[in-house]
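Keep the viewer open while you read.

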Amino acid sequence: MDRSGEVSALHYDTGKPVKIKFSDGLISSVEEIPMSDELNDIFVAPGLIDNQINGYRGVDFSDPSAGTLRIRMAVDAIRKDGVTSFFPTIITGSHDNLVRIFRNLARALQDDEEVRTSVAGFHLEGPYISPEAGYYGCHPAEFIRKPSWDEFMQYQDAAAGNIRQVTVSPEIEGAMDFIGRCVRQKIIVSIGHTNASASQILEAVDRGARLSTHLGNGCANLIDRHRNPIWPQLANDLLTPSIIADGHHLLPEEVKVFCQVKGPDNIILTSDVTHFIGMEPGNYVFLGSDIVLSADGLIKNPVLNCLAGASLPLKTGVGNVMRFTGYTLGEAVNLASRNVTAACRITGRGKLEGGMRADLILFHMENFNMSVKKVIVNGREIGSQSEN
Ligand SMILES: [Zn+2]
């Protein structure tokens, strides 16, 4: 299969016209060229990278019956929205289901080259999270438990060693020891769904936690204005937060403050999207509860009064960050690509440079809306794109 070619477009960061050549799936050169009408206001950027995708267009990664074929369908749909690498994210569930799910994902990696190309690892969000209402969000409470290294190793074995990120709540019994063990195994530890105190967050960072999962969410609706889990995570320069900038999970002013406090190199975007993306608005059952999907993409669990994941693609967050913060296109895209590779230690992707994998998106920006026109993964153009 030919994985060579070239594209000409406006560089997403500099705005200057560039020609990018690639061969054998790798970028070989990026050179400036004269401006011409043919470029047509099309930008080129590295493919987007998402460390938290729960499912896509009807395929739920946490469904133990989802096999290679369905996982591949999700990968294809995710790419069409401009995401070229991601972590399938598995939330709290029963032990048997988690083992089955990770076996399925590992098998899909082994059997399908395209899945292998875009799945950069797995993210286990839970089950070792806060059992307090409000903090566990919509995770099924009956399966939330204390960390067990032996149990986790069964998941890692089922996953053939591909669990790269774990979201854990540091204040629960055994969590600090668990965090240390993960870090020694080079697993990225993210603090999330937590009601930890400032000192507990500090200790988790001392033990090697480096990310905060969807900061500002996975938190009770009513909290102490001083002593809450958000301030110490915002204040800690060693923690890189992921944020869901879909316009529902955080207010515009929260997105702006989080981005300004952390700076454009130390914060990442995630979609936290569920399989409801692309589905018709209406009433559904999710994780055993009734939920409502609105036309604007909001997914709400009215009984728990919490959001039940997101349904808008990562590119929506890129436009929103520009709109809410004044960040440039380059800075906003970096939050959803380059910064994710740094935070999640994904090598060889996320930059328009020679030697990087030729994962490229070509797109229009109009009214902060990224409209993806072409997606190239590993040097090969895939069928294109959605309009919004
Ligand atoms: Zn969550």
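A disulfide here is a pair of cysteine sulfur atoms within 2.5 Å. By that rule, a search of the whole structure turns up zero disulfides.

Before going on, some ground rules. This is a predicted model, where local features need pLDDT of at least 70, side-chain atom pairs count only at pLDDT 80 or more, and totals for chains, interfaces and linings use all residues. Residues are numbered from 1 along each chain as its sequence is written, and side-chain values use heavy atoms, with hydrogens and water left out.

**The zinc site**

Donors are N, O and S atoms within 2.8 Å of the metal (3.2 Å for Na, K and Ca), and since water is not among the atoms, sites may look incomplete. The zinc ion is coordinated by Glu125 through OE and by His193 and His214 through NE2, at 2.0 to 2.1 Å. Along the sequence, the spacing of these donor residues reads E-x67-H-x20-H. Glu125 belongs to strand 9 (residues 122-125), while His193 sits in the loop between strand 11 (188-191) and helix 6 (198-206), so this pair ties together parts that are 68 residues apart in sequence. Helices (H or I, at least four residues) and strands (E, at least two) are DSSP runs, numbered from the N terminus.

His214 is in the loop between strand 12 (211-212) and helix 7 (230-235). Its phi is near 30°, a positive value in a residue other than glycine. Most residues other than glycine have a negative phi, and most peptide bonds are trans.

| Residue | Relative accessible area |
|---|---|
| Glu125 | 2% |
| His214 | 3% |
| His193 | 6% |
| Cys219 | 13% |
| Asn378 | 15% |
| Cys138 | 16% |

Two strands pair if DSSP finds at least two bridges between them. Eight strands form an open sheet in the order 5-8-9-10-11-12-13-14, with parallel pairing. Its edges are strand 5 (48-53) and strand 14 (268-269), each pairing on one side only. Inside the sheet, four bridges link strand 10 to strand 11. Gln165 stands opposite Ile188 in strand 11, and Val166 has Val189 as its bridge partner there. Strand 11 is covered on both faces: Ile188 and Ser190 are buried on one side, Val189 and Ile191 on the other.

Helix 5 lies across strand 10 and strand 11, at about 160° to strand 10. Axes are lines fitted to C-alpha atoms, for helices over the stretch in contact, and angles run from 0 to 180 degrees between N-to-C directions. The buried residues of helix 5 (residues 175-184) include Met176, Phe178 and Ile179. They pack against helix 4 (149-158), strand 10 (163-168), strand 11 and helix 6, where contact means heavy atoms within 4.5 Å.

**The mixed sheet**

Another open sheet has seven strands in the order 3-2-1-4-19-20-21, with mixed pairing. Strand 3 (26-32) and strand 21 (380-382) are its edges. Seven bridges join strand 19 (residues 360-366) to strand 20 (residues 369-377), and these two run antiparallel. Leu360 stands opposite Ile376 in strand 20. Helix 1 (residues 68-80) packs on this sheet, touching strand 20 and strand 21, and its direction makes about 125° with that of strand 20.

**The core**

A nonpolar core is a set of buried Ala, Val, Leu, Ile, Met, Phe, Trp, Tyr and Cys residues joined through side-chain atoms within 4.5 Å. The largest has 101 residues, and those with the most contacts inside it include Phe61, Phe152 and Leu360. Helix 2 (residues 95-111) gives the most to this core, seven residues.

Notes: Buried means under 20% relative accessible area, exposed over 50%, partly exposed in between (1.4 Å probe, protein chains only).
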